[in-house]
Amino acid sequence: MNCLKIGLLAATALLTTPVLAATPADVLTNYGNIAQAEYADALATAKTLKGAVDKLVAEPTDANLEAARAAWKEARNPYQQTEAFRFGNAIVDDWEGKVNAWPLDEGLIDYVDMSYGEESEENGFYVANIIANPVLKVGGETIDATVITPDLLANSLQEAGEVETNVATGYHAIEFLLWGQDLNGTGAGAGNRPASDFDPANCTGGNCERRVQYLQAVTDLLISDLEEMAAAWAPGGAARKALAEKGDAGGLATILTGMGSLSYGELAGERIKLGLMLHDPEEEHDCFSDNTHMSHYNDVVGIRNVYFGEYKSPLGNNVSGPSLAELVAEKNPALAEEMKAKLDATLAAFEAMKARAEGGEAYDQMIGEGNEEGNAVIQAAVDALVDQTTSIERVVKALELDDIAFEGSDSLDNPGAVFE
């Protein structure tokens, strides 16, 4: 055979050899890369928030308070997209309560309106008000809070008395400090704390120096906590190692556990349907700032990120690579189309919620009793999440993975229990 014919045969072979689909190992590497980028962005935006907080403390003006609030909202966007890494990754779940625990009994932290109440049978720290009280004595326990430090918040006040709603750290503690209570119920308006609450020279609310101490300490703590998780997802980090140790099947199950649990029990159930059933603004995730619609929207985007293997970074740290979607398409093209359609439908439902909020009707108004149009928008979001979860379950079977138990919620699985 002459050389020309050999060359033609080789070229033909190259043209007819099928392109290999992404391997599970490739998908898991890219999944880790997305986590690394998202936590890095969460950390970077938290540092920007710190700059805004420091400026507010130095010059406690209305403009600087609004700038700090805007920085908090910007910091929420990349963080909320990381929630798709919860439920499947133990290292994330064990850590997450430090930064995003909710709901919180804000009377632990600062002054509250009389309508909040003066005591709680379940929580001895319900109105402890650490900002007003340098020494706390509750249930035989004494806490020295003369100086408010990150260590005090993390190790003495977070879940004080082993009560989960004693949230002293993280985004929501900062949110409460920047906005104050939202006393509008399901009416218009968010929290409206004055900038003078941070001005020792013209102090409102009392204890302005200690409020400043708290705000700076809790912001510094958020940064150090995010540094911990960003390092865990860096190459060679603890989260990457734990994922690799699960093997290909275990790793894919981890991705799908996060997708299904966030879709169903956490977001559709605990964060949305429960509040809709009760028409209760206390059940909204970002309740002080009226930013709940964005937190929910970003959760949906985060689910899409891990499935499609892409992350569009607000800071330019974009990631794109081998995806779970490619593996599904190779196994079952029809299911791949179904899954994409379900995810797209969910995104559209949350975009409608987001547009309604941006048009002037906040999330807590949408879930209000008697607001039929708003309720319908929220219910459509729940329905879309539940519907996409059924397709996620089909993906688990198509990839021949062991059965996965997604997080549930009484609001979806046993609605009667909600009112007992």
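**Figure 1. The largest nonpolar core of this predicted model has 118 residues.** Y214, W233 and F350 have the most contacts inside this core. Helix α2 (residues 24-58) gives the largest share of the core, with 14 residues. A nonpolar core here is a set of buried Ala, Val, Leu, Ile, Met, Phe, Trp, Tyr and Cys residues joined through side-chain atoms within 4.5 Å. Buried means under 20% relative accessible area, exposed means over 50%, and partly exposed is in between, with a 1.4 Å probe and protein chains only. Helices (H or I, at least four residues) and strands (E, at least two) are DSSP runs numbered from the N terminus. As a bit of background, nonpolar side chains tend to be buried together in soluble globular proteins.

**Figure 2. Zooming in on F350 and its contacts.** F350 touches L267, I272, H296, Y297, V300, A381 and L385, leaving aside residues up to four places away in sequence. Contact means heavy atoms within 4.5 Å. On the ground rules, this is a predicted model where local features need pLDDT of at least 70 and side-chain atom pairs count only at pLDDT 80 or more, while totals for chains, interfaces and linings use all residues. Residues are numbered from 1 along each chain as its sequence is written, and side-chain values use heavy atoms, with hydrogens and water left out.

**Figure 3. Helix α9 (residues 247-278) has a bend of about 45 degrees at G269.** The bend at a residue is the angle between axes fitted to the seven residues ending there and the seven starting there. Mostly covered, α9 has 26 of its 32 residues buried. H279 isn't a glycine, yet its phi is positive, about 50 degrees. With 25% relative accessibility, H279 counts as partly exposed.

**Figure 4. The largest pocket has a volume of about 490 Å³.** On a 1 Å grid over the protein atoms alone, a pocket is an open set of points where a 1.4 Å probe fits, with protein on both sides within 12 Å along at least five of seven lines; lining residues have an atom within 4 Å of a point. Grid points are joined across faces, edges and corners, and a volume is the space filled by probe spheres set on the points. Of the 18 lining residues, A101, W102, P103, E164 and E266 lie nearest the centre of this pocket. Helix α9 supplies the largest share of the lining, 4 residues, and α4 (90-100) also supplies at least two. By class, the lining has 6 nonpolar, 3 polar and 9 charged residues. Asp, Glu, Lys and Arg count as charged; Ala, Val, Leu, Ile, Met, Phe, Trp, Tyr, Cys and Pro as nonpolar; and the others, Gly among them, as polar.

**Figure 5. The peptide bond from W102 to P103 is cis.** Its omega is near -10 degrees. P103 lies in the loop between α4 and β1 (135-138). Both W102 and P103 are among the residues nearest the centre of the largest pocket.

**Figure 6. The second largest pocket holds about 290 Å³ of space.** Its lining has 13 residues, with V301, R304, N305, E310 and K312 closest to the centre. α3 (62-81), α10 (292-308) and β3 (310-311) each give two or more residues to this lining. With 5 residues, α10 gives the most.
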